[in-house]
Amino acid sequence: MSPQMRVTRSGKVKPARHRAMQPWPMLWLVLVWMGLWGSWSPMIVLTGVLAAFAVVLAFPLPPISIGAKVRFGPLLWLIGHFLVDVLRASIQVSLVVLRRRPVKNAIVTVDLHSDSDFVLTAVAALLTLVPGSIVVEARRSTHTLYLHVLDVDDEAAVERFRAQAFAVERRFLRAFEPLADGDHPEGPAQERT
């Protein structure tokens, strides 16, 4: 990925300098620092803030945009539905193990409707975290997921799983509404400086 370029007053083209103080990376660095020390004392917090400040000054990161607007109501619905899916799938996997009968598995292809890499990655992660299915391949060029699914007896079971995967994608797209080109926080790509 090439760096973003900007034109200076003198007409020279230089890489854009990113602002050093980014609050979210600093917060995460402080939390990691406190986790490493295993303490929440004021001195540990203070040294964590100082360490985070030094890290973001020494290694400024470009701002990351996910290209989506987070909608908190649908996000809570996505998380709640995900937790229910994990619980239900855990019970189903337990029953499959306890029945002690031969299990038929399948590789199920899911062609996602969205062409976003962010959506592909997130949906793949959500489907893999639910017991009984795991992504074995993700094709970025076609936005296709290949999942190994436990206990698939027939074509109807394949279609049910595929419908569940599409439902996860729909819930995710409602929670993370894609931005239109003009809505990008930094403006259209060609106008960024």
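Predicted model: local features only at pLDDT ≥ 70, side-chain atom pairs only at ≥ 80, totals over all residues.
1. Residues are numbered from 1 along each chain as its sequence is written, and side-chain values use heavy atoms, with hydrogens and water left out.

2. Confidence is given as pLDDT (the predictor's confidence in each residue, from 0 to 100). The protein chain averages 84, and 83% of the residues score at least 70. Residues 184-193 should be read with the score in mind: pLDDT stays under 50 there, and the model has 14 contacts beyond four places in sequence for them. A contact means heavy atoms within 4.5 Å.

3. Helices (H or I, at least four residues) and strands (E, at least two) are DSSP runs, numbered from the N terminus. Helix H1 covers residues 23-37, and its 15 residues should span 21 Å at 1.5 Å a residue. The expected span is 1.5 Å times one less than the number of residues. The end C-alpha atoms of H1 are 21 Å apart, which agrees. After H1 comes glycine 38, with a positive phi near 70 degrees.

4. Which residues of H1 are buried? They include Met26, Val30 and Met34, where buried means under 20% relative accessible area, exposed over 50%, and partly exposed in between (1.4 Å probe, protein chains only). These three cover an arc of only 70 degrees around the axis, which puts them on the same side of H1; the arc is that of the directions from the helix axis to the C-beta atoms. An α-helix has 3.6 residues a turn, so residues three or four places apart point the same way. Trp24, Trp28, Gly35 and Leu36 are exposed on the other side of H1. Helix H2 (42-58) is part of what covers the buried residues of H1.

5. Strands S5 (residues 133-139) and S6 (residues 144-149) run antiparallel and are joined by 6 bridges; two strands pair if DSSP finds at least two bridges between them. Serine 133 has valine 149 in S6 as its bridge partner. The hairpin has 4 residues between the strands, and histidine 143 takes a positive phi near 55 degrees.

6. Is histidine 143 buried or exposed? At 9% relative accessibility, histidine 143 counts as buried. Its side chain makes a polar contact with the side chain of aspartate 117 (3.1 Å), and reaches the backbone oxygen of aspartate 115 at 2.9 Å. A polar contact is a pair of N or O atoms within 3.5 Å; within protein, one must be able to donate a hydrogen and the other to accept it, and residues adjacent in sequence count only if both atoms are side-chain atoms. Not counting residues up to four places away in sequence, histidine 143 touches residues including Val110, Leu112 and Leu120.
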